[in-house]
Amino acid sequence: MKKPHYFPAPIAFLLACALVSAAQSQTQAAHPVVLHAARLLGVESGRIVKPGEVLVQGERLVEVGSRVAHPASAEVIDLGDTTLLPGLIDAHVHLFLHPGAEDLQTVEESVPQRTILATLAARADLMAGFTAERDMGTEGAGSADTAVRNAIDQGLVPGPRLRISGNAVDILGGHEDANHFNPAQHVLSNATYANNPAELVTVIREQLKEGADFIKIYETGPDTVRDGRFSTIYQYTEAELKTAVDEAARSGKHVAVHATGEPGTLYAAQAGVVSIDHANQLSDETMRIMREKQIFAVPTFTIFEYFSEHAQSPEQGARDRQMLELHKQLAAGVPMAVGSDVGPFPHGTQARELELMVKYGMTPIAALQADLLNGAKLLGWQGQIGELKPGYMADVIAVPGDPSQDISVLEKVSFVMKGGVVYRK
């Protein structure tokens with residue numbers, strides 16, 4: 001007998017527990033808090049301070065160093081042999097996806113059900129130390145991520161700070177269209193159709209009206225590997241992407257693209273998008289433009305690793321293994337940010353992305369700087385998050401060991417504070 005895909009009572013219970021936990025934590029934020037640990041990471045300098053302390057008042061950091069003021073009314077939380085560092089940032093997540101067939105989630109699960117599951121995904125990511133994320137498309141759930149973001153901001157449910165795109169944008173028959181179903185069934189696309197510049201403008205205006213913080217566009221796909229050669233099709237021309245970039249910019253917003261290979265990534269770079277996500281198989285010219293315009297590459301290694309290990313065919317496994325490439329982008333000086341594409345693999349496990357960035361060429365400090373400094377800039381929170389400095393938001397996590405030497409300790413987060421509120425202790 002097939003198991004149902006929804007569990008109203010347990011989900012309601014979990015949400016109730018989460019709300020109670022959040023309410024209890026909110027009361028803790030009213031008085032000063034001192035966090036003490038054996039070490040503290042200076043992200044920009046790459047140096048470890050021993051011991052490490054931060055003084056939190058309300059939602060902000062007041063003082064950071066090896067020894068800070070201890071007001072008489074302060075609560076002192078001794079985190080022992082751990083390292084304090086800023087909350088992690090994932091610049092490419094899908095809160096509305098979970099492991100399993102993506103197309104069937106759209107068909108079998110209602111948008112209300114998927115929204116409830118998205119709140120649980122957000123909580124899992126927060127508990128894993130990710131205090132800020134960029135949701136790269138609801139995969140057919142429209143602007144439902146606006147509701148999730150707003151509920152988190154209002155303290156109704158626990159989750160990371162979110163930048164959200166609503167539904168991604170695609171062409172008829174494109175990367176996220178329901179190409180594998182019987183066309184007579186009229187299965188909906190996982191993205192919103194825009195087939196020409198006028199439609200792009202209309203869709204962007206609608207998404208911004210519904211609360212999107214940025215626009216996500218599928219520029220390439222599907223990807224194939226035949227006889228060892230990678231191939232992909234572009235979906236929008238440079239001129240069409242430039243129309244989208246200009247329309248978003250009119251409202252102070254950016255465009256981020258899903259793009260691999262040429263000429264799609266070149267068109268995206270020439271159009272001036274804010275990031276190229278996946279960013280595999282880039283030409284030298286594309287990387288030159290990305291370096292000059294400071295367009296972020298977001299490699300999403302974890303999803304390719306996961307898909308290669310769960311491939312349905314040898315060809316798919318070969319394709320995904322071929323995507324694990326970083327050295328070329330590093331050598332070209334392309335700015336990097338960290339995004340995992342979590343959703344198709346379990347939420348709360350995406351610290352693996354930083355391990356893979358180190359595996360494929362970065363030092364642990366460089367990977368942390370890409371995550372925290374570049375991530376804050378990409379999400380539009382530069383000067384607010386990504387570092388432990390006075391005046392910044394009190395987004396603080398603790399991990400055992402020293403992440404500047406062993407990046408894998410980020411998978412063992414033992415303490416999470418976001419905006420001065422303790423969520424995990």
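**Strands, core and buried loops in a predicted model**

Strand β14, residues 220-226, is mostly covered, with five of its seven residues buried. The model described here is predicted. Strand β14 pairs with strand β15 (residues 229-234). The pairing is antiparallel and runs over five bridges. Within this pair, valine 225 faces phenylalanine 230 of β15. Strand β14 also holds proline 222. The peptide bond between glycine 221 and proline 222 is cis, with omega at about 0°.

Proline 263 belongs to the loop between β16 and α7. Threonine 260 lies in the loop between β16 (255-259) and α7 (264-271) too. Threonine 260 has a relative accessible area of 1%, so it counts as buried. Beyond its neighbours within four places in sequence, threonine 260 is in contact with Thr220, Asp223, Phe230, Thr232, Thr265, His278, Ala279 and Asn280.

One of these contacts, Ala279, sits in the loop between β17 (275-278) and α8 (284-293). Alanine 279 has a positive phi, near 50°, although it is not glycine. Alanine 279 is buried, because its relative accessible area of 0% falls under 20%. Glutamine 281 is found in the loop between β17 and α8 as well. Its phi is likewise positive, near 55°, in a residue other than glycine. Glutamine 281 is partly exposed, at 22% relative accessibility.

The largest nonpolar core comprises 64 residues. Ile217, Val255, Val257, Ile276, Leu368 and Leu410 touch the most other members. Helix α13 (residues 364-378) gives the most to this core, contributing five residues. Valine 255 has contacts with Ile215, Ile217, Ala244, Val245, Ala248, Val273, Val274 and Ser275, leaving out residues up to four places away in sequence.

Elsewhere, an open sheet is formed by four strands. Their order is β5-β4-β1-β6, and the pairing is mixed. The edges are taken by β5 (60-65) and β6 (75-78). Each has a single partner strand, so one side of each is left without a neighbour in the sheet. On average, neighbouring strands of this sheet are turned by 20° against each other, direction ignored. In general, strands of a sheet pair through backbone hydrogen bonds, in a parallel or antiparallel manner. Strand β1 (residues 33-37) and strand β4 (residues 52-57) are paired in the antiparallel sense. Five bridges join β1 and β4. Leucine 35 stands across from valine 54 in β4.

Strand β7 (residues 82-86) contains threonine 83. Threonine 83 is at 0% relative accessibility and therefore counts as buried. A polar atom of the threonine 83 side chain lies 2.5 Å from the backbone oxygen of glycine 401. Gly401 is also among the residues that threonine 83 touches, residues up to four places away in sequence not being counted.

Conventions. Residues numbered from 1 in each chain as written. Predicted model: local features only at pLDDT ≥ 70, side-chain atom pairs only at ≥ 80, totals over all residues. Heavy atoms only, no water. Pairing = 2+ DSSP bridges. Helix = DSSP H or I, 4+ residues; strand = E, 2+ residues; numbered from the N terminus. Axes fitted to C-alpha atoms, helices over the stretch in contact; angles between N-to-C directions. Core = buried A, V, L, I, M, F, W, Y, C linked by side-chain atoms within 4.5 Å. Buried < 20%, exposed > 50% of the residue type's maximum accessible area, 1.4 Å probe, protein only. Contact = heavy atoms within 4.5 Å. Polar contact = N/O pair within 3.5 Å; in protein donor to acceptor, adjacent residues only side chain to side chain.
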